[in-house]
Amino acid sequence: MEKKLSFVIPCYKSQKTVGIVIEEIREMLNKEAKYDYEIILVNDGSPDDVWDVIKEYADQDNHILGVNLAKNFGQHSAVLAGYHYCTGDYVISLDDDGQTPAGEVPKLLDELEKGYDVVYAKYEEMHQKAFRRWGSDFARRMSDYIFGVKGYYTGSFFVARKYVIEEMIRYNNCYPYLGGLVLRTTRNIGYVSVQHNDRMTGVSGYNLKKLFSLWFNGFTAFSVKPLEISTYIGFFIAFIGFVYTIVIIVRRLFIPELEALIPYGWSSQTSIILVIGGLILINMGLMGEYIGRIYICINNAPQFVVKEVCGKPGEKEK
């Protein structure tokens with residue numbers, strides 16, 4: 001029986017590149033004629049004219065579906081919006097800037113056929129700025145601890161079975177994180193090494209602030225371990241304070257002459273107050289972040305809002 005592939009591409013400032021990505025997918029599928037396919041392009045509130053490009057492709061090709069979001073909701077929300085319209089047996093997520101090589105999709109599919117539920121593309125060399133590479137490496141190390149999975153590698157280029165996607169879109173909260181949603185569904189994950197392409201044009205939509213926000217979202221949306229870390233730090237600081245108190249008492253009782261030589265001043269006290277006060281504020285902020293997210297989710301803030309849909313594939317709406 002012929003398998004159907006669903007390609008989901010979130011689009012943001014990609015007016016000049018999304019067409020190239022579509023042509024790359026078509027070229028790959030011409031070589032892999034055994035698959036039926038659909039391409040779902042999600043406009044994530046892009047400020048350029050990418051939606052006009054998407055509509056033009058959707059009008060010309062009945063394999064293409066365009067989804068226009070009411071505003072910019074972020075890459076992960078846009079991908080989940082596209083998942084709601086998928087009808088394929090295998091779902092492939094990739095970027096709109098050409099850095100994720102669509103020509104390597106058969107490698108991921110071959111690995112998936114070995115029995116995996118999800119297969120990620122793992123890049124041999126990242127063509128990104130140094131701070132992006134450092135941030136990705138740091139996020140992977142933190143993922144090992146937060147999610148309890150050694151060597152878990154996430155990325156925007158992966159293929160998943162239909163049941164995984166159906167489970168992921170059941171998540172209705174407004175802080176989605178795809179890596180966490182995958183792990184919540186399955187641990188049967190494979191990896192394939194591929195070449196990371198250079199960006200065709202422009203610069204990444206992720207700056208340092210957005211990267212940190214994405215990283216922080218992943219670790220607070222699916223784990224309470226950040227709260228555990230803050231608790232451990234609190235106990236450690238309290239232990240240091242207790243030990244220091246014992247040292248002061250012993251010094252005053254048994255070495256009074258040494259105590260007399262130690263000058264009194266505000267510097268040490270101020271430093272201690274600032275350190276402890278800073279840790280208290282950080283922990284309060286962390287707890288406030290969790291409480292704020294709970295409040296927003298209770299108010300049913302949407303993951304995304306679909307403004308318009310064009311094209312014939314996947315006309316169902318959820």
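Two strands count as paired if DSSP finds at least two bridges between them. Helices (H or I, at least four residues) and strands (E, at least two) are DSSP runs, numbered from the N terminus. What you're looking at is a predicted model, where local features need pLDDT of at least 70, side-chain atom pairs count only at pLDDT 80 or more, and totals for chains, interfaces and linings use all residues. Residues are numbered from 1 along each chain as its sequence is written, and side-chain values use heavy atoms, with hydrogens and water left out.

**View 1. The sheet and its strand order.** Overall, the protein has 11 helices and eight strands. Eight strands make an open sheet with mixed pairing, in the order 7-5-6-4-1-2-3-8. Strand 7 (189-194) and strand 8 (306-311) are the edges, each pairing on one side only. From one strand to the next, the twist averages 20 degrees; axes here are lines fitted to C-alpha atoms, for helices over the stretch in contact, and angles run from 0 to 180 degrees between N-to-C directions.

View 2. Strand 1 runs parallel to strand 2, and nine bridges join the two. Strand 1 (residues 3-11) also runs parallel to strand 4 (residues 90-93), this time with four bridges. Pick out Phe7: it stands opposite Ile39 in strand 2, while its bridge partner in strand 4 is Ile92. Which residues does Phe7 touch, leaving aside its neighbours within four places in sequence? They are Ile25, Met28, Leu29, Tyr37, Glu38, Ile39, Ile40, Ile92, Leu94 and Val105, where contact means heavy atoms within 4.5 Å.

**View 3. Two nonpolar cores.** A nonpolar core is a set of buried Ala, Val, Leu, Ile, Met, Phe, Trp, Tyr and Cys residues joined through side-chain atoms within 4.5 Å. "Buried" means under 20% relative accessible area, exposed is over 50%, and partly exposed is in between (1.4 Å probe, protein chains only). The largest core has 38 residues, and Leu5, Phe7, Ile25, Ile39, Leu41 and Leu94 touch the most other members. At least two residues of this core come from each of strand 1, helix 1 (18-31), strand 2, helix 2, strand 4, helix 4 (105-112), strand 5 and strand 7. There's also a second, separate core of 31 residues, with Tyr83, Ala160, Ile189 and Phe304 among them. Across the protein's 318 residues, 41% count as buried.

View 4. Helix 2 (residues 50-60) lies across strand 1, strand 2 (35-43), strand 3 (64-69) and strand 8, and runs at about 155 degrees to strand 3. Strand 2 is mostly covered, with eight of its nine residues buried.

**View 5. A cluster of three rings.** Tyr120, Phe158 and Tyr191 form one aromatic cluster. Rings of Phe, Tyr and Trp (its six-membered ring) pair if their centres lie within 6.5 Å; planes under 30 degrees apart count as stacked, over 60 as edge-to-face and the rest as tilted. The structure holds two aromatic pairs. Tyr120 and Phe158 make a tilted one, 5.0 Å centre to centre with 40 degrees between the planes. Tyr120 sits in strand 5 (residues 118-123) and Phe158 in strand 6 (residues 158-161), so this pair ties together parts that are 38 residues apart in sequence. Buried or exposed? Tyr120 is buried, at 1% relative accessible area, and Phe158 is buried at 1% too. The rings of Tyr120 and Tyr191 have centres 6.2 Å apart and planes at 20 degrees, so that pair is stacked. It links Tyr120 in strand 5 with Tyr191 in strand 7, 71 residues apart. Tyr191 counts as partly exposed, at 28% relative accessibility. The charged end of Lys122 sits over the ring of Tyr191, 5.6 Å from its centre; "over a ring" asks for NZ of Lys or CZ of Arg within 6 Å of the ring centre and within 35 degrees of the ring normal.

View 6. Helix 7 (residues 178-185) has six of its eight residues buried, so it's largely enclosed by the rest of the structure. The buried ones are Leu178, Gly179, Gly180, Leu181, Val182 and Leu183. Their cover includes helix 3 (75-83), strand 5, helix 6 (162-168) and strand 7. Tyr177 belongs to the loop between helix 6 and helix 7, and counts as buried at 8% relative accessibility. The C-alpha atoms of Tyr177 and Leu80 are separated by 9.6 Å, with the two residues 97 residues apart along the chain.
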